[in-house]
Amino acid sequence: MAKHDTPLLDQLESGPWPSFVSDIKRQAEKNPDCWDILGQLELSYTDKITHWKHGGIVGVFGYGGGIVGRYSDVPKRFPGVEHFHTVRVNQPSSKYYSTENLRGICDLWEKHGSGMTNMHGSTGDIILLGCRTEELEPFFYDLTHVLGQDLGGSGSNLRTPANCLGQSRCEWSCYDTEEVCYHLTMHYQDEIHRPAFPYKFKFKFSGCANDCVAAIARSDVAVIGTWRDDIRIDQAAVKEYIAGNIVSNGGAHADGDWGAFDIQKEVIALCPTDCMWMEGDKLKIDNSECTRCMHCINVMPRALRPGAHQGASVCVGAKAPILDGAQFATLIVPFMELSKDNEFENLIEFIEGIWDWWMEVGKNRERVGETMQRVGLPTFIKVMGLEPIPQHVREPRSNPYVFWQDEEVPGGFERDVVEFRKKHAA
Amino acid sequence: MALSEDEIKAAMIEKATKAPKPQLYIKDFYACDPDTKPRVIKNIANALVKEGKLMFWSSGSTTMYARPDRIKNEEGAEGIN
């Protein structure tokens, strides 16, 4: 039986799509405190302002992240949400769950919290919504001791690292995303659980340029699998695709009537660098022009495969639009070998180089991508100890200026103005 | 020349006690010893939290540090001590 009238929220159940209002009502039948979520939200819709206060000192002992304090500013009207803290739980790599584990998480949250969950937050964590302060420590004890799981990152911490399925299921993955994600999660436990930076910092790991975790759009350091040598071609399979004996895109579009497969239209003409062509019945690729976008491989997976010399491109500085609009990460290292044998030391060295600089130069609440934008890419690559390379140029010929450093110019920039004026009248 | 860890701790506590606002960003502590690297300052700040001399205050997206006796407890009393 509903505790509050919610005519505005009820409208959100009238469409054909799933409704969070229905979900909360269903949970409220089990946990009556959840009626107050709906009551307070209805009030916010009427008042056109939030009634949540967020932030504060709540947390679990020894940790400086993983719990986001949340309180109602109308607790007398809605006592069930007086405290409604959010808990972030580090998700398993690639979000592989057993049903037993999912039941365990849900049971634990019904025991200590509201039972409301958000699977998953943008960072990737399991988000558990609604816990009273006095239940945080008992929940944390059970989470770590019964389920063997840990909290994720929040605040100015390293946020919970996330990765795609990688080589566990995907033939395109150019490195073991799960291994890197796990290794860095363990290596940076202190940074995940305690604040370390001027603002949030995220890693994400995708095995190829399809970028299934959207690393390039969502992470400060996006590690995206790529290869250095040539795309591997099976010319016999190319012929089979052309003959219509193998369905394109792995059958992903087979339920629509798209006509016969047309390699010219669907592959060659859509290559962003125009680096493919047919010679007779053979598909040719100028690999020196290929940007490893994955399009041709996605369309003809049985004919084309990533090259054999595999590693990752590292891009830096993506962010959401709080300041200056959203931005994608910028390519900084076109190819980096990633090996468990050296415990990914080259990636760790690169990341810590960014941290050392950003912690010093970054302003409060400034993402590293904003700091890069403020100082300029030439300065950033210089402080990172990298040589400028053509891949750093985003738009050729759009900027006519070349900035020389004093030491790069014979004689430097010091000039004798009197001598100069003898030959050049003012 | 960099200060000792104890000297930096004392400077950080003094800063957190006298700053006009109770909550401070980690960068606000860098000035306690400009010769010490930011990651070392961060580690010392977190050690002070462990000792109970500072507390974390988090908005959810940003984490700040404060003296326990200056920070407002969202659940009631002014000052935790």
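I looked up what the buried residues of α3(B) pack against, and found α12 (345-361) of chain A together with α1 (5-18), α2 (26-30) and β2 (63-66) of chain B; contact here means C-beta atoms, placed from the backbone, within 7 Å, and helices (H or I, at least four residues) and strands (E, at least two) are DSSP runs numbered from the N terminus. The model is predicted, with local features needing pLDDT of at least 70 and side-chain atom pairs pLDDT 80 or more, while totals for chains, interfaces and linings use all residues. Residues are numbered from 1 along each chain as its sequence is written, and chains are lettered from A and ligands numbered from 1 in the order in which they are written.

I noted B:P38, B:I41, B:K42, B:I44, B:A45, B:N46 and B:L48 as the buried residues of α3(B) (20 or more other C-beta atoms within 10 Å of a residue's own). Just after this helix, B:G52 takes a positive phi of about 85°.

For the contact between the chains, I found 21 residues from chain B and 27 residues from chain A. On the chain B side, α3(B) gives the largest share, 5 residues.

Within it, β8 (residues 203-206) and β9 (residues 221-227) of chain A run parallel, joined by 4 bridges, and A:S206 has A:I224 of β9(A) as its bridge partner.

Methods:
Two strands pair if DSSP finds at least two bridges between them. A residue is buried if 20 or more other C-beta atoms lie within 10 Å of its own, exposed if 12 or fewer, and partly exposed in between; C-beta atoms are placed from the backbone. Two residues are in contact if their C-beta atoms, placed from the backbone, lie within 7 Å.
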